[in-house]
Structure formats: C-alpha cells, structure tokens
Amino acid sequence: MTLISLVVTLVVVGVILWLINNYIPMDGNIKKILNVVVILFVILWLLTAFGLLGPISGMRIG
C-alpha cells in the first residue's frame, strides 16, 4: 500500500466519522462508543499495514 493511498484512506475515514458525528442525531454515549471503535479499527489496520501486527484473520480468540 502506498503512502498516498494510506493518507487518502485516513482522510476519508476521518471525514465520514466527522459527518456521522455532526449530522446524525445520536446520544453522546453512542457517539463515544462509535468513535472508540472506529479509532481502534484504524489503529489495528495501520499496524497491519506497516507489518507490526500479523494478519488479523489468523488470530484466535478463546
């Protein structure tokens, strides 16, 4: 993945999250949970993209 596509993806995710937070009426707690989930997903995706974390499909829970 090139650096440009990585930055474009992060910008698109940020804009979508901003649009959801500003224009979709939700309770504050739901917005916080949504923000945390999206940020965790993006962090995991970045770690996988840079090779610091193995493929997520190979992880087992339990």
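What covers the buried residues of helix 1?

The model is predicted, so local features need pLDDT of at least 70 and side-chain atom pairs count only at pLDDT 80 or more, while totals for chains, interfaces and linings use all residues. Residues are numbered from 1 along each chain as its sequence is written, and side-chain values use heavy atoms, with hydrogens and water left out.

To the opening question: the cover of the buried residues of helix 1 includes helix 2, residues 28-49. Helices here are DSSP runs of H or I, at least four residues long, numbered from the N terminus. Buried means under 20% relative accessible area, exposed means over 50%, and partly exposed lies in between, with a 1.4 Å probe and protein chains only.

Let me take helix 1 in turn. Helix 1 comprises residues 3-23, 21 residues in all, and reaches 30 Å from its first C-alpha to its last, close to the 30 Å expected at 1.5 Å a residue. The expected span is 1.5 Å times one less than the number of residues. The buried residues of helix 1 are Leu6, Leu17 and Asn21. Seen down the axis of helix 1, these buried residues fall within an arc of 35°, so they line one face of the helix. That arc is taken over the directions from the helix axis to the C-beta atoms. On the other side of helix 1, Ile4 and Tyr23 are exposed.

Tyr23, which is placed in helix 1, counts as exposed at 59% relative accessibility. Tyr23 also contributes to a nonpolar surface patch of about 720 Å², together with Leu3, Val7, Val11, Val15, Trp18 and Leu19. Such a patch is made of residues with over 30% relative accessible area and no salt bridge, nonpolar side chains (Val, Leu, Ile, Met, Phe, Trp, Tyr) being joined within 5 Å. A salt bridge is a side-chain nitrogen of Lys or Arg within 4 Å of a carboxyl oxygen of Asp or Glu. Areas come from the Shrake-Rupley method with a 1.4 Å probe.

Val11 is partly exposed, with a relative accessible area of 48%. Its C-alpha atom is separated by 13 Å from that of Leu46, 35 residues apart along the chain.

I turn now to helix 2. Its 22 residues should span 32 Å at 1.5 Å a residue, and its end C-alpha atoms are 31 Å apart, which agrees. Leaving aside residues up to four places away in sequence, Val42 touches Leu10 and Val13, contact meaning heavy atoms within 4.5 Å. Ile33, by contrast, is in helix 2 and counts as exposed at 56% relative accessibility. The C-alpha atoms of Ile33 and Val13, 20 residues apart along the chain, are separated by 16 Å.

Finally, the end of the chain. Just after helix 2, Gly51 takes a positive phi of about 80°. Phe50 is found in the segment after helix 2 and counts as exposed at 55% relative accessibility. Between the C-alpha atoms of Phe50 and Met1, 49 residues apart along the chain, the separation is 9.0 Å.

Terms used: Helices (H or I, at least four residues) and strands (E, at least two) are DSSP runs, numbered from the N terminus. Patches are made of residues with over 30% relative accessible area and no salt bridge: like charges are joined within 9 Å, nonpolar side chains (Val, Leu, Ile, Met, Phe, Trp, Tyr) within 5 Å.
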